[in-house]
Amino acid sequence: MIVWTSKVLKYAFKVGLIDSNPFDRVIVPKKPAKRKKDNFYTKDELETFLNGARDAGMMKYTLFRLLAFSGMRIGELIALEWSDVDFVSQSVSSFHK
């Protein structure tokens with residue numbers, strides 16, 4: 001509604017029906033910036049979480065530990081194949097030769 005009113009008054013000003021457009025003096029307040037919620041664990045929180053994951057089983061612990069320390073996203077981790085794991089050099093790589 002306000003946009004249409006502003007346009008009507010702008011048109012009225014252009015054709016000389018009014019001396020000024022009152023909407024030109026309106027100061028639109030800025031929305032306060034949304035504060036991003038931290039999307040990570042502190043060192044202590046990660047340690048507590050991984051201890052809980054260890055109690056839930058080696059497979060879950062391994063999955064979450066790899067996510068936490070590799071920087072991989074869950075989709076990347078799920079897409080890994082055994083050929084991506086090098087047990088000799090203790091590394092993981094998704095680059096296929």
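The following legends describe close-up views of a predicted model.

In this model, local features need pLDDT of at least 70 and side-chain atom pairs count only at pLDDT 80 or more, whereas totals for chains, interfaces and linings use all residues. Residues are numbered from 1 along each chain as its sequence is written, and side-chain values use heavy atoms, with hydrogens and water left out.

**View A. Helix α3 and the glycine that follows.** Helices are DSSP runs of H or I with at least four residues, strands are runs of E with at least two, and both are numbered from the N terminus. Helix α3 covers residues 58-70, and its 13 residues should span 18 Å at 1.5 Å a residue; the end C-alpha atoms lie 17 Å apart, which agrees. The expected span is 1.5 Å times one less than the number of residues. G71 follows α3 and has a positive phi, near 85°.

**View B. The largest pocket.** The largest pocket has a volume of about 640 Å³. Its lining comprises 16 residues, of which T62, L66, L80, W82 and V85 are the closest to the centre. A pocket is an open set of points on a 1 Å grid over the protein atoms alone, where a 1.4 Å probe fits and protein lies on both sides within 12 Å along at least five of seven lines; lining residues have an atom within 4 Å of a point. Grid points are joined across faces, edges and corners, and the volume is the space filled by probe spheres set on them. Helix α3 gives the largest share of this lining, six residues, while α3, β1 (85-86) and β2 (91-92) each supply at least two. By class, the lining has nine nonpolar, three polar and four charged residues. Here Ala, Val, Leu, Ile, Met, Phe, Trp, Tyr, Cys and Pro count as nonpolar, Asp, Glu, Lys and Arg as charged, and the others, Gly among them, as polar.

**View C. The second largest pocket.** This pocket has a volume of about 310 Å³. Among the residues that line it are D38, Y41, F49, F64 and L67. Helices α2 (43-56) and α3 each supply at least two lining residues. The lining has eight nonpolar, two polar and one charged residues.

**View D. Aromatic pairs.** The structure holds three aromatic pairs. The ring centres of F49 and F64 are 5.0 Å apart and the planes meet at 80°, so this pair is edge-to-face. F49 belongs to helix α2 and F64 to helix α3, so the pair ties together parts that are 15 residues apart in sequence. The ring centres of W82 and F87 are 6.3 Å apart with planes at 25°, so this pair is stacked. Rings of Phe, Tyr and Trp (its six-membered ring) pair if their centres lie within 6.5 Å; planes under 30 degrees apart count as stacked, over 60 as edge-to-face and the rest as tilted. Y41, F49 and F64 form one aromatic cluster.

View E. D84 lies in the loop between α4 (74-78) and β1 and is buried, with a relative accessible area of 4%. A polar atom of the D84 side chain is 2.7 Å from the backbone nitrogen of E81. Q90 is placed in the loop between β1 and β2 and counts as exposed at 72% relative accessibility. Buried means under 20% relative accessible area, exposed over 50%, and partly exposed in between (1.4 Å probe, protein chains only). Phi of Q90 is positive, near 55°, in a residue other than glycine.

How values were computed
Polar contact = N/O pair within 3.5 Å; in protein donor to acceptor, adjacent residues only side chain to side chain.
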